[in-house]
Amino acid sequence: MSDDPSASIRGDHVRRLSEETVASVAAGEVITRPADVVVELIENALDAGAGRIDVDVAGDGTEQIRVSDDGHGMSRRDAELAVERHTTSKLPPEGSIEAAGTLGFRGEALASIATVAGLELLTNDGDPAGTRVVAADGPGTDRVETAGRGQGTTVTVRELFAGTPARRESLATARTEFARISDAVSRYALLRPDVAVSLTHDDAAVFSTPGTGEFADALLAVYDREVAARTTTLDASRAIGSGDSDAGSGDYAATAGELEITGVLVHPSVTRARRAHVYTAVDGRPVRDDRLRRAVAAGYGELLPDGREPIAVVSITTPPSWADHNVHPRKREVRLRDPDAVASAVEAAVHDALSTADRRRSEELAMDLGESIEPLSATESAFEDAEVIGQYRGLYLLCSFDDDLLVVDQHAAHERVNYERLQEAVSGETPTAEIDPPASVSLTPAQYAAVQSHRDALVELGYDVDPFGDTTVRVRSVPAPMGRAAAPESVCDAVDALRNGEMPEDGRETLLKELACHPSLKAGDELTDAEASTLLERLGSCENPYACPHGRPTVLTIEEEVLVRGFGRRGPRME
């Protein structure tokens with residue numbers, strides 16, 4: 001098979017599969033929602049060597065999906081065979097699924113789509129005239145005709161699931177289904193920055209990447225200028241599979257090689273509430289691999305505030321035979337030969353990249369300490385008799401308390417104070433503050449699609465937003481508990497939470513925890529003795545002063561007896 005994955009689909013290369021191969025790929029023939037169609041067609045376009053892919057969606061995708069590319073296209077014979085069952089261009093004669101050098105063997109995508117929708121294929125492999133194939137009633141061609149088109153392929157899918165009403169009824173709301181489509185297109189756009197990718201919804205442009213090959217350029221198109229401007233390039237190579245590495249020895253040593261890790265890391269000053277904004281790819285295939293996502297987040301380490309997750313795009317290229325892309329029927333997962341070694345390499349690469357980047361924060365605290373820790377009540381503080389004696393590494397307060405030494409995590413403590421004040425403030429109707437003039441906030445396509453479907457819930461939480469532009473909203477009001485307005489950008493986290501199934505009545509606590517984290521002290525924030533004492537006093541006034549809203553302890557106690565034993569003293573006050 002050629003080293004060029006796209007070479008297998010040039011010319012007359014579509015062929016019928018053997019019965020053995022048909023049986024082995026049967027599980028991959030299911031199209032369950034519109035996003036599945038988009039994924040199949042994008043991957044076909046990438047396998048065809050496309051430098052540009054345009055995705056056009058009407059409604060939730062059941063009405064129409066059109067994907068156009070400028071790839072190699074197909075001959076008339078290949079186009080006719082491509083919509084039949086059990087044919088492929090992605091395996092050589094006598095080849096096995098494991099030998100597929102494309103984005104993983106996907107079964108017969110076009111035939112699977114034609115089973116549940118009307119399908120039109122318009123393609124040209126460079127001949128003077130192209131070919132149009134229409135399959136309206138399942139696999140098999142209803143009409144084949146000569147048609148005009150430049151080199152490349154356009155697939156139009158109409159009336160998806162029209163003949164299977166039960167499946168159509170099982171779909172979510174139109175906005176949710178389009179959000180899934182935009183999530184899928186965004187993944188490929190971010191992880192394949194060498195390909196120009198555009199998404200249009202109901203004739204309105206959602207985003208368009210330039211295809212420059214720069215991850216930051218793709219990030220700018222999918223997110224916004226603020227996010228793209230605060231980035232660090234990731235470009236590392238790690239030896240893996242050597243006999244003295246975590247990969248072990250024996251077979252792994254024999255297949256030792258280099259793990260290439262590339263991408264872009266958004267500075268920890270810009271975070272999200274969930275890890276869904278960590279995008280990973282293995283050997284060019286976007287995958288949702290929780291282990292790799294955790295490794296990326298772990299690479300940020302203590303740079304991330306508690307309860308926050310990074311925005312990052314990380315693509316890894318493995319040595320030969322280290323990845324199996326055919327373990328999941330929809331190719332959402334990948335099996336790595338030594339996942340622990342790969343995860344460790346990714347974590348180390350992310351850590352090193354951030355260690356050499358400028359870590360200075362470029363913005364002030366959202367709430368200054370003096371105003372954000374006003375007394376909750378007149379109740380006596382649990383730490384009224386504690387005395388602050390110092391601060392350690394900008395992270396911990398050291399306090400003398402009776403005969404013990406208290407170590408207070410200042411971020412966790414501040415978060416607890418903010419959280420309980422938020423609880424008190426929103427026990428009734430959420431206080432709000434107007435933003436005048438309204439602030440423009442850029443969302444991801446999926447977030448933008450979710451705004452309208454969750455409009456009432458956002459209002460209940462204190463956000464008044466209006467769509468403005470392709471993926472931008474105008475924020476007219478924000479929650480303002482404690483008399484301080486939340487940042488307009490916090491609407492991103494609110495939308496993420498609502499998309500995750502949380503609603504104001506059952507998810508308010510989670511939203512309050514996230515909102516409490518934003519203004520809390522961060523690592524390295526220096527406090528005066530007076531500020532530290534005030535923080536300790538307000539923490540002691542909390543209903544639960546011993547844990548932050550996420551369950552982490554705020555205070556550790558070191559008894560004097562521990563120091564006595566450690567220094568070999570005979571008694572607490574023996575000289």
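Reader: Over how many bridges do β20 and strand β24 pair?
Author: This is a predicted model, in which local features need pLDDT of at least 70, side-chain atom pairs count only at pLDDT 80 or more, and totals for chains, interfaces and linings use all residues. Residues are numbered from 1 along each chain as its sequence is written, and side-chain values use heavy atoms, without hydrogens and water. Strands (E, at least two residues) and helices (H or I, at least four) are DSSP runs numbered from the N terminus, and two strands pair if DSSP finds at least two bridges between them. β20 and β24 (residues 555–559) run in the antiparallel sense, and their bridges number five.

Reader: Which residue of β24 is the bridge partner of L405?
Author: L405 lies in β20, where S400 stands opposite it. In β24, its bridge partner is I558.

Reader: Which residue takes a positive phi in the hairpin of β19 and β20?
Author: Strands β19 (residues 396–401) and β20 (residues 404–409) pair in the antiparallel sense over six bridges. Two residues lie between these strands, and the one with a positive phi, near 55°, is D402.

Reader: How is α6 oriented relative to α7?
Author: The axes, lines fitted to C-alpha atoms over the stretch in contact, have angles from 0 to 180 degrees between N-to-C directions. Those of α6 (residues 174–191) and α7 (residues 215–222) come within 8 Å and cross at roughly 155°. Because angles under 35 degrees count as roughly parallel, 65 to 115 as roughly perpendicular, over 145 as roughly antiparallel and the rest as oblique, α6 is roughly antiparallel to α7.
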